[in-house]
Amino acid sequence: RFAGTDNTIKTTLKTTFKILNIRKSSDEPGLIKTLETCLEQLNVCKKALKDFLEGRQRQFPRFFFIAEADLLDILSNGSEPRKIMNHTPKVYLCAKTFLLSKEDTPSGRPTATHLIAGVGKETTALEPPIPLEGKVEQYMDILITTIKETLFEHLKRSLTKYASMDRIEWLMHRLDGSCSPLTTSNPPRNDKIDPSDCAQIILLVLAVYYVEEVEEAFRGLEAGQPNVMREYNEKQIKQIKGLISMAIKVDTKMDMMRIMVCITMDAHNRDIVRNKLVLFNIQEVTSFQWQSQLKHKWRVSPPNASHLGRDPKLRGSMGERAEVAICDAITPYDYEYLGNGYRLVITPLTDRIYVTATQALNLAMGCAPAGPAGTGKTESVKDLSNALAKLVYVLNCSPDMDYKSLGAVWQGVSSSGAWICFDEFNRLIPEVLSVCTVQFKAVCDGIKADSARITVEGSEVRLDPTCGAFITMNPGYLGRSELPEGLKALFRPITVMVPDLVLICENFLMAQGF
């Protein structure tokens, strides 16, 4: 159909060009009827293309967040994976590309062997390597599952190694078994060998053992050891000093980044123990001062945990899983690949945002941080997603957005299980905000009812209950709309005013070795 329409248009243009008179060419008999027919045929083609793309998006929901031109390129070259590697960051946000084998499979397809980070510098071997066979949406979905399983295997090995190795050696451990901290040490470390563990797994293991050690100290307090928490705080300070001394010595950007984020996390953990647990003489693990912290755990999930049936393959030998607990919200660690990048300095303000956001998600609601520009609203949402290893998309809103494009976003969010952060949400016009209320309420109602599928904008899509929505707003600015009351009721608000700049600067300097 399109080829015929295209041929008719070209023939018409050639005929018009030969006449060389605009009035005579416009008076050609049957011209208007020909052009009207072509327009009708083009609309039929556009509808068929739209239905085709929607079908592919339902099969692989991350396609909802890819521009139409890029999606067409991916689908048209899906049988030749090497040609679509440049689109990898659009599907796997923190990945740059995959390393493909030089030798093809019998079907003529390459095998993905390694994942190259797009955030920071890191290379991770896939366990196992994946032949990119079948349709493009099929092998892209298999790659997501393989990345999760690879990170899970890293986690199991790293938890065991941490308990039996020196902390610095564990951090610097390479796949060849060397754990010398410096290339100048004896024996020297080979920097061409990849680290044993991904950077995000290093942070996860540190967080798991930090929570275990604090709760062990609480058990010591109950057993009549009044100084056990203070002694643990002194141990934390020694660990940070060891990392700071390493930050001065390391000679590669990859190792420097890993040490910097470890210092950032350790400094926050030290402040929690010193300024909350020791200062206020907290004696019980059930105290709100401790329960309100974001706690990573490796354990068999309690009955009140969320999404107990999610990723049954990602379990330890006794049924343990990595999960994040804060107050009464317990959610699984989602193993989205994060690369080797910076982490936000966690301040008391950040902790309050974490509590509000996680409680909102636990109640099947959204979260709405509001405050002046530059106070860290969007970055806090992104860092919380990093802590849970969740896929998060940030969408900058504008008055030009309509309800149809917003409906496609909600379809993608609900079916992929991703988080969405609408930046400057109140820039949308009131008419679009009203329709958004209906769209998001369909998602919230589906999660509360534990539905497998929901209907958004007339299209039925599957529902992943781990999805979440955040809106950031700058109230009082020109050109901003007031949210409808029905939409306000679906989001828990939190005001973000002044960031803790002194604490942030202290952490930055410490992470650089000062």
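**Exercise 1. Which residues is Phe 470 in contact with, leaving aside its neighbours within four places in sequence?**

Solution. 
- Step 1. Set aside the neighbours within four places in sequence; Phe 470 is then in contact with Ala 357, Leu 361, Cys 367, Val 381, Trp 419, Ile 420, Cys 421 and Phe 422.
- Step 2. Phe 470 lies in strand S12, residues 468–471.
- Step 3. The relative accessible area of Phe 470 is 1%. Buried means under 20%, so Phe 470 is buried.
- Step 4. Turn to Lys 24. Phe 470 and Lys 24 are 446 residues apart in sequence. In space, their C-alpha atoms are 59 Å apart.

**Exercise 2. How confident is the predictor in this chain, and which elements have the lowest and the highest mean pLDDT?**

Solution. 
- Step 1. Remember that this is a predicted model.
- Step 2. Take the whole chain. The average pLDDT is 90, and 97% of the residues score at least 70.
- Step 3. Go element by element. Helix H2 (residues 22–26) has the lowest mean pLDDT, 79. Strand S4 (residues 295–299) has the highest, 96.

**Exercise 3. Classify the aromatic pairs Tyr 92 with Phe 98 and Tyr 333 with Tyr 335.**

Solution. 
- Step 1. Know what to look for. A pair of aromatic rings is described by the distance of the centres and the angle of the planes.
- Step 2. Search the whole structure. There are 15 aromatic pairs.
- Step 3. Take Tyr 92 and Phe 98. The ring centres are 5.3 Å apart and the planes stand at 90°. Planes over 60 degrees apart count as edge-to-face, so this pair is edge-to-face. Both Tyr 92 and Phe 98 are buried.
- Step 4. Take Tyr 333 and Tyr 335. The distance is 5.0 Å centre to centre, with 85° between the planes. This pair is edge-to-face.
- Step 5. Tyr 333 has 4% relative accessibility and counts as buried. Tyr 335 has a relative accessible area of 2% and is buried.
- Step 6. Look for a cluster. Ring pairs link Trp 410, Phe 422, Phe 425, Phe 440 and Phe 491.

**Exercise 4. What lines the second largest pocket?**

Solution. 
- Step 1. Start with the space. The second largest pocket holds about 570 Å³.
- Step 2. Find the centre. Of the 25 lining residues, Asp 141, Ile 144, Lys 148, Arg 310 and Asp 311 are the closest to it.
- Step 3. Sort the lining by class. It has eight nonpolar, five polar and 12 charged residues.
- Step 4. Trace the helices. H6 (136–164) and H14 (403–416) each supply at least two lining residues. The largest share, five residues, comes from H6.

Notes:
Residues are numbered from 1 along each chain as its sequence is written. This is a predicted model: local features need pLDDT of at least 70, side-chain atom pairs count only at pLDDT 80 or more; totals for chains, interfaces and linings use all residues. Side-chain values use heavy atoms; hydrogens and water are left out. Helices (H or I, at least four residues) and strands (E, at least two) are DSSP runs, numbered from the N terminus. Buried means under 20% relative accessible area, exposed over 50%, partly exposed in between (1.4 Å probe, protein chains only). Contact means heavy atoms within 4.5 Å. On a 1 Å grid over the protein atoms alone, a cavity is a set of points where a 1.4 Å probe fits but cannot get out, and a pocket is an open set with protein on both sides within 12 Å along at least five of seven lines; lining residues have an atom within 4 Å of a point. Grid points are joined across faces, edges and corners, and a volume is the space filled by probe spheres set on the points. Ala, Val, Leu, Ile, Met, Phe, Trp, Tyr, Cys and Pro count as nonpolar, Asp, Glu, Lys and Arg as charged, and the others, Gly among them, as polar. pLDDT is the predictor's confidence in each residue, from 0 to 100. Rings of Phe, Tyr and Trp (its six-membered ring) pair if their centres lie within 6.5 Å; planes under 30 degrees apart count as stacked, over 60 as edge-to-face and the rest as tilted.
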